[in-house]
Amino acid sequence: MKQGLDVQVVSALQDGRKVEAIKLLRKQRGIGLKEAKDIVDSYCEEHGLSSSSQASGGTGGLMLVGLLVVVGYLVYRYVLGSAAG
């Protein structure tokens, strides 16, 4: 399995754009999805890059949902408190 990756693929990986890197690799080499994903995952592991494209964004998304729930609750309590008083 050839591991040398094109500059565009490496750049996408370094920017956390794993899906784009896989698409580029498939197009460049004419290979299937699984093979491209395996190559990208292997490269990420060897070079200490995040293997998951959502690794950094997953926690932030969960925090945003939590924040929206709290703000929604506070707005609800304010409106309910204003209507009752």
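A polar contact is a pair of N or O atoms within 3.5 Å; within protein, one must be able to donate a hydrogen and the other to accept it, and residues adjacent in sequence count only if both atoms are side-chain atoms. The views below come from a predicted model, where local features need pLDDT of at least 70 and side-chain atom pairs count only at pLDDT 80 or more, while totals for chains, interfaces and linings use all residues. Residues are numbered from 1 along each chain as its sequence is written, and side-chain values use heavy atoms, leaving out hydrogens and water.

View 1. Let us start with Lys18, which lies in helix H2 (helices are DSSP runs of H or I with at least four residues, numbered from the N terminus). Lys18 counts as buried because its relative accessibility is 11% (buried means under 20% relative accessible area and exposed over 50%, with a 1.4 Å probe and protein chains only). Its side chain makes a polar contact of 2.6 Å with the side chain of Asp41. Asp41 is among the buried residues of H3.

View 2. Buried in H2 are Lys18, Ala21, Ile22 and Leu25. They cover an arc of only 100 degrees around the axis, so they sit on the same side of H2 (the arc is taken from the directions from the helix axis to the C-beta atoms). Lys23 and Lys27 are exposed on the other side of H2. Just after H2, look for Gly30, with a positive phi of about 65 degrees.

**View 3. The largest nonpolar core.** This core has 14 residues, of which Leu5, Val9, Leu13, Leu25 and Val40 touch the most other members (a nonpolar core is a set of buried Ala, Val, Leu, Ile, Met, Phe, Trp, Tyr and Cys residues joined through side-chain atoms within 4.5 Å). Helices H1 (7–14), H2 (18–29) and H3 (33–47) each supply at least two residues of the core, and H3 gives the largest share, five residues.

**View 4. Around Leu5.** Leaving aside neighbours within four places in sequence, Leu5 is in contact with Val10, Leu13, Leu25, Arg29, Ile39 and Tyr43 (contact means heavy atoms within 4.5 Å).
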